[in-house]
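Here are some short notes for a colleague opening this structure for the first time. Please keep the sequence and the 3D view side by side while reading.

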Amino acid sequence: MATIPITKRGAEILKAELHKLKTVERPSVINAISEARAQGDLSENAEYESAKERQGFVEGRIQEIEGKLSAAQIIDPASLDAGGRVVFGSTVDLEDEDTGDRVRYQIVGEDEADLKLGLINISSPIARALIGKEEGDTAVVQAPGGERSYEVVAVHYI
């Protein structure tokens, strides 16, 4: 099984979700199932069906998170030393060469990506264009609206 890169923060978020699922959600679902069973006929019991469906979701999510964590390669961006190159976990300041707009992105794993927070997926077109670049380099990205060029203003390992 291939390793999945994830930042230290992303791994902690997944571990917290897993802990909540196991200690809060799972017991809650088990309790709901036992209460629905106590009501009698299970063939026409909507509460029972709903609780069983929820149990399937919770157990599936637990397995998914455990699988991801077991295959995870946890990377602490603060401990990176890539010599100023853009790598997984690095934070990059960019300037759009056409508009002069500045943006800051951190390259993270699939589960952590959130564009509103400036967290971009390692497999996104912009992240793939940035990997290996250094301060002063230009990254050309194939965007839905056409080709965009960004200058790498700064690379941080935070």
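**Notes on a predicted model**

1. Start with helix H2, residues 46–71. At 1.5 Å a residue, the 26 residues of H2 should span 38 Å. The C-alpha atoms at its ends are 38 Å apart, so the two values agree.

2. Look at the start of H2. There, a side-chain oxygen of Asn 45 comes to within 3.1 Å of the backbone nitrogen of Glu 47.

3. Which residues of H2 are buried? They are Tyr 48, Ala 51, Val 58, Arg 61, Ile 62, Ile 65, Lys 68, Leu 69 and Ala 71. An α-helix has 3.6 residues a turn, so residues three or four places apart point the same way. The buried residues of H2 pack against strand S1 (4–7), helix H1 (8–37) and strand S2 (72–75).

4. Now the sheet. Five strands make an open sheet with mixed pairing, in the order S5-S4-S3-S7-S6. Strands S5 (119–121) and S6 (138–143) are at the edges. Each has a single partner strand, so one side of each lacks a neighbour in the sheet. From one strand to the next, the twist averages 45 degrees.

5. Strand S4 (residues 102–108) pairs with S5 in the parallel sense, over three bridges. Leu 119 in S5 is the bridge partner of Gln 106.

6. Finally, find Arg 148 in strand S7 (residues 146–156). Arg 148 counts as partly exposed because its relative accessibility is 31%. Beyond four places in sequence, Arg 148 touches Asp 96, Ala 139, Val 140, Val 141 and Ala 143. Glu 97 is 51 residues from Arg 148 in sequence, yet their C-alpha atoms are 8.0 Å apart.

Key
Residues are numbered from 1 along each chain as its sequence is written. This is a predicted model: local features need pLDDT of at least 70, side-chain atom pairs count only at pLDDT 80 or more; totals for chains, interfaces and linings use all residues. Side-chain values use heavy atoms; hydrogens and water are left out. Helices (H or I, at least four residues) and strands (E, at least two) are DSSP runs, numbered from the N terminus. Buried means under 20% relative accessible area, exposed over 50%, partly exposed in between (1.4 Å probe, protein chains only). Contact means heavy atoms within 4.5 Å. The expected span of a helix is 1.5 Å times one less than its number of residues. A polar contact is a pair of N or O atoms within 3.5 Å; within protein, one must be able to donate a hydrogen and the other to accept it, and residues adjacent in sequence count only if both atoms are side-chain atoms. Two strands pair if DSSP finds at least two bridges between them. Axes are lines fitted to C-alpha atoms, for helices over the stretch in contact, and angles run from 0 to 180 degrees between N-to-C directions.
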